[in-house]
Amino acid sequence: MKKKMTKGAAMITSALQKEGVEIIFGYPGGAVLPLYDQLYDTPLRHLLVRHEQAAVHAADGYARVTGRPGVVFATSGPGATNLVTGIATAYMDSVPLVLITGQVPGAFIGTDAFQEADITGITLPVTKHNYLVKSAEQLPGILSEAFYLASTGRRGPVLIDVPKDVFDQEALFDYKIECEIPGYKPTYSGHAGQISRAVKAIRAAKKPVIFGGGGLIRSEASAALEKLVERAQIPVILTLMGLGAYPGDSALFLGMPGMHGSITANYALSEADLIIATGVRFDDRVTGKLDSFANHAKIIHIDIDPAEIGKNVQIDVPIVGDVKIVLEAILNKLQPGETSAWLKQIENWQKQHPMPGGLKSSGGALKPQQVIREISRLCGDNAIVATDVGQHQMWTAQHFIIREPRTFLSSGGLGTMGYGFPASIGAKLAAPDKKVICITGDGSFQMNIQELATAVNNRLDITIAIINNGYLGMVRQWQDIFYDRRYAYTRLEGNPDFIKVAEAYGATGMRACDEQEAAAAIELAMREKGPVVLDFVVEPEENVYPMVAPNRPINDIIIGGERS
Amino acid sequence: MKHVLAVLVEDKPGVLTRVAGLFSRRGFNIDNIAVGETVSPGISRMTITVEGSETIIEQVVKQLHKLVNVIRVSNLSEEPSVMRELMLIKVNAEAGSRSDIQQIVETFRGKVVDVSPDSMIIEVTGNEEKMEAIKLLLNDFGIKEIVRTGKVALLRGSMVTRDS
């Protein structure tokens, strides 16, 4: 009997369905036409963005909310190169993505053909892995590997570049979800001996802290973490990527560490005798000057990526494994130590050093921190917040109460302006029942403002809160502090009227210049259908504090211009 | 200190670029690299000489392991092993100096593989010190050109660097 042959394009759409994909974020073009033609006949949903970069960020937002890989289609050449910033963003934050790009036909590769770009070469350093498909026979294996790689071990983006003629080639399609890759065997269970050493260290510690990051969220470790905190009475510090892994309003939550972290978190890390680092990578924004980071502490480091252990900081108890599995193993043997004196000291720090900012300004101008706190209050529990990058991002991390994992989306590692709004589109599609808010800046929003068309066209209920200070605020703050107030090109002259822009796209817009208007605007946004753009005109030269200057010890803190 | 790493990789397109790219973007220095087939079909072996402290080498090994096409990495400098390199040297050799050169080559158990009226090509294999020593001696005659394969190495005894 003759076996059934399948076209390359059909292999891709069937594989996506077998992998449980619901939606594709993309933008068509010449080299990817056969795939789009095939897609037209399937029940798969396609979200048409207005710039390929936004497709990746939207898929990334979708992936961070659902935990499943986000899928992107784009064409060859400029379509593919426009993906790069989004891919690098996802790579730095370990977000699972599968990206499928069209390529010029095989015979033209290497000839500088129209819309040809070596996208596997270009994305080599920013993908977990990538493939250039040579023939349709390779497709089933490659697709299955791509989904497996993206969504296991340390998550990450995987790109598949498919020459146009391969979409039309026919071959046998035998798709297996499970696959075997000889060079890829992630370790999930921690080493039993190291786990025993961790248990002993926890029992002996007088001043322990848990220092958690994005790994807690990626491995769904929140329940295990909460049990550990409750039983051992150990306070929790979460990095920007970890926010939401533990309830932000809990008494044992000390906030974010590092450059714009809470004073208590930085003091606690500096004074601790044991740091239980879970799914973090000791980024420079967190550790400050490495030589003086956590000098009194023994460090347990749990991470799924062995290369992160010992990369920046020397580790006493290294545990390679899935954070959740390892935490559960520790819980099984846990013998709590005595931490009450430590908790008392922490409580004192918290009382002495509340998060600054957001008090009424004398001139009556809106304080950005206050706007963010008000949005947080009115959103309640059922919200997902996405941010862009800059001052508003840090204020959101400081003042927005994030209670649940997968409800805070931000570009941590790469710090990509333009991430927030498209990510909020992906988030809304992933969780239609949640209130989705994008907190952005007047600079960041303009980096992907064109996606208003996507949001309006798909009737997505998203609130876009622009913290508008007329500056690239964070850069201006550094110029203020480190460059003698020489504001070189950070004043955003010629900003558009964001309300008129919103209206031109068919969205609702409202401006707020004082507290009353702000309250009214936020209330409107909670009720209104479709995308709502709120333009909060805030104090132009407000700085983010506390602040630790780069490469300073994290207990050397500037509080509103003064050092502590 | 110099370390010699045996890296077993899947013989897939772009694997050399992936390895080389990793070294350059993370700021590790490759001293030399030699690539060839192994007894297992579809698997190649790279021998990479890299200079760095223990911490750097640990990162190099871990980062190499993260590449999906890399199956195994072992540091041969940590075990007793045999290391060899092959070098071809083209040296000035007028009729009058040929026998002197011949003597040096014999001492180093090298071979003369080509002779022309005014030059010779010498093939020599060995470890780093031997290469340097013969180079030094032939320098007096005028070395015109040198090519080296890069180091290859195997563990001593019956132990092997496994590909599974």
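## Basis of the model

The model is predicted: local features need pLDDT of at least 70, side-chain atom pairs count only at pLDDT 80 or more, and totals for chains, interfaces and linings use all residues. Residues are numbered from 1 along each chain as its sequence is written, chains are lettered from A and ligands numbered from 1 in the order in which they are written, and side-chain values use heavy atoms, with hydrogens and water left out.

## Architecture of chain B

Chain B contains 4 helices and 9 strands; helices (H or I, at least four residues) and strands (E, at least two) are DSSP runs numbered from the N terminus. Read from the N terminus, the order of elements is β-α-β-β-α-β-β-α-β-β-α-β-β. The C-alpha trace of chain B spans about 55 × 35 × 30 Å along its principal axes.

## Interface between chains B and A

In this interface, 16 residues of chain B are in contact with 17 residues of chain A, contact meaning heavy atoms within 4.5 Å. The buried area is about 1400 Å², and carbon and sulfur atoms give 53% of it; buried area is the accessible area (1.4 Å probe) that two parts lose on being put together, summed over both. On the side of chain B, the residues that lose the most area to chain A are B:Arg18, B:Lys66 and B:Val68, together 43% of what that side buries.

The rule finds 1 salt bridge across the interface, a salt bridge being a side-chain nitrogen of Lys or Arg within 4 Å of a carboxyl oxygen of Asp or Glu. B:Lys66 forms a salt bridge with A:Asp305, with the closest N and O atoms 2.5 Å apart. Helix H1 (15-25), helix H2 (54-66) and strand E4 (70-75) of chain B are the elements that give two or more residues to the side touching chain A. H2(B) gives the most, with 6 residues. By class, this side of chain B has 5 nonpolar, 5 polar and 6 charged residues; Ala, Val, Leu, Ile, Met, Phe, Trp, Tyr, Cys and Pro count as nonpolar, Asp, Glu, Lys and Arg as charged, and the others, Gly among them, as polar.

## Second largest pocket

The second largest pocket holds about 980 Å³ of space. On a 1 Å grid over the protein atoms alone, a pocket is an open set with protein on both sides within 12 Å along at least five of seven lines, a cavity is a set of points where a 1.4 Å probe fits but cannot get out, and lining residues have an atom within 4 Å of a point. A volume is the space filled by probe spheres set on the points, which are joined across faces, edges and corners.

Of the 36 lining residues, A:Asp305, A:Pro306, B:Lys62, B:His65 and B:Lys66 are the closest to the centre of this pocket. H2(B) gives the most to the lining, with 4 residues. The lining divides into 15 nonpolar, 8 polar and 13 charged residues.

## Cavities

The structure holds 2 cavities of 30 Å³ or more, and the largest cavity contains about 80 Å³ of space. Residues lining the largest cavity include A:Arg64, A:Arg218, A:Met241 and A:Phe408. Helix H10 (214-218) and strand E16 (408-409) of chain A are the elements that give two or more residues to this lining.

## Backbone features of chain A

A cis peptide bond joins A:Tyr545 and A:Pro546, with omega about 0°. A:Pro546 lies in the loop between strand E20 (532-537) and strand E21 (558-559) of chain A. A:Tyr489, although not a glycine, has a positive phi of about 60°.
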